[in-house]
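Have the viewer open and click along.

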Amino acid sequence: MKKEEQFLLWFEQLERKDVDIVGGKSSSLGEMTAKTDVPVPYGFATTAYAYRYFIKESGLEEKMRSILSELTDVENSALLRDVSARLRDAIMAEKMPQDLQDAIGAAYVELGKRVGEENPYVAVRSSATAEDLPDASFAGQQDTYLNVQGAETIIAKVKECYASCFTDRAVYYREKQGFDHMTVALSAAVQMMVFSKAAGVMFTVDLVT
């Protein structure tokens, strides 16, 4: 089966060029896992195909387009807040297709076997297909959940990641950058937690210019 038609992929199956399949974050994690000696905490990523499958099977697309059509002025913060909240609520109200739930649940169990831990703690990290582009940075626009444990909780958090594709800040940023909300898809990276003594972030390019 092609990568583009699978619900999820393990990090070692991914490369940086797979941005359209699993988004910027997940593809970068895959690139480092598969092609470097960087000790990347292990995991898997749900795909853009899985996200679009959920939207299609739940019948959400028409409802989402209808709600988005009401966003006539993105600078109207009250309107933006209302439209974004209704989009998130619409996504959270729908049940994830059972076959997708089963795939995520089985992968979580398999992850535990591969790392030698039963019910491991993981991070569920949003990774959008429109991320880290030459003319736009979508970092931090969607949500991430830490210290998540158990298959049912993982599945719920993946759906929350899907909903976070429509946070106020994400909708505003896409509107200002001219991106079609319905063409962006959301991948969720399910990755082993690191219980660190210290952590930090370094940017090597200016985020604005």
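Let's start with H181, which is found in the loop between α7 and β5. Keep in mind that this is a predicted model. H181 has a relative accessible area of 6%, so this histidine counts as buried. Leaving aside neighbours within four places in sequence, H181 is in contact with L68, F166, V171, R174 and E175. Two of those contacts, F166 and R174, turn up again below in a charge-over-ring arrangement.

**Around H181 and helix α7**

- R174 lies over the face of F166, at 5.1 Å from the ring centre, and H181 touches both of these residues.
- K176 sits in helix α7, which spans residues 168-177.
- What does K176 touch, if you skip residues up to four places away in sequence? The contacts are V74 and E75.
- K176 and N76 are 100 residues apart in sequence, yet their C-alpha atoms are 13 Å apart in space.

**Aromatic pairs**

- How many aromatic pairs does a search of the whole structure find? The count is 9.
- One of them is F54 with Y162, a tilted pair with 5.6 Å centre to centre and 35° between the planes.
- That pair links distant parts of the chain: F54 belongs to helix α2 (residues 48-57) and Y162 to helix α6 (residues 151-163), 108 residues apart.
- Buried or exposed? F54 is buried at 0% relative accessibility, and Y162 is buried with a relative accessible area of 0%.
- Y121 and F195 make another pair, with ring centres 6.5 Å apart and planes at 85°, so this one is edge-to-face.
- Y121 comes from the loop between α5 (98-115) and β3 (122-128), while F195 is in the segment after β5 (186-192), so the pair ties together parts that are 74 residues apart in sequence.
- Y121 is partly exposed at 38% relative accessibility, whereas F195 is exposed, with a relative accessible area of 63%.

- W10, F11, Y42 and F44 form one aromatic cluster.
- Which ring does the charged end of R114 sit over? The ring belongs to W10, with the charged end 3.9 Å from the ring centre.
- F11 of the cluster is also a contact of G30, along with L14, once neighbours of G30 within four places in sequence are left aside.
- G30 itself is in helix α1 (residues 19-35), and at 0% relative accessibility this glycine is buried.
- From M1 to G30 there are 29 residues in sequence and 19 Å in space, C-alpha to C-alpha.

**The second largest pocket**

- The second largest pocket holds about 150 Å³ of space.
- Its lining is made up of P41, A123, R125, L146, Q191, M192, M193 and V194.
- Which strands each supply at least two residues of that lining? They are β3 and β5.
- By type, the lining residues of this pocket divide into 6 nonpolar, 1 polar and 1 charged.

- N119 is partly exposed, with a relative accessible area of 40%.
- N147 is a further non-glycine residue with a positive phi, here about 55°.
- The place of N147 is in strand β4 (residues 144-148).
- With a relative accessible area of 44%, N147 counts as partly exposed.

How values were computed
Residues numbered from 1 in each chain as written. Predicted model: local features only at pLDDT ≥ 70, side-chain atom pairs only at ≥ 80, totals over all residues. Heavy atoms only, no water. Phe/Tyr/Trp six-rings, centres within 6.5 Å; stacked < 30°, edge-to-face > 60°. Helix = DSSP H or I, 4+ residues; strand = E, 2+ residues; numbered from the N terminus. Buried < 20%, exposed > 50% of the residue type's maximum accessible area, 1.4 Å probe, protein only. Lys NZ or Arg CZ within 6 Å of the ring centre and 35° of its normal. 1 Å grid on protein atoms, 1.4 Å probe; cavity = no way out; pocket = protein on both sides within 12 Å on 5 of 7 lines; lining within 4 Å. Points joined across faces, edges and corners; volume = space filled by probe spheres on them. Nonpolar A, V, L, I, M, F, W, Y, C, P; charged D, E, K, R; others polar. Contact = heavy atoms within 4.5 Å.
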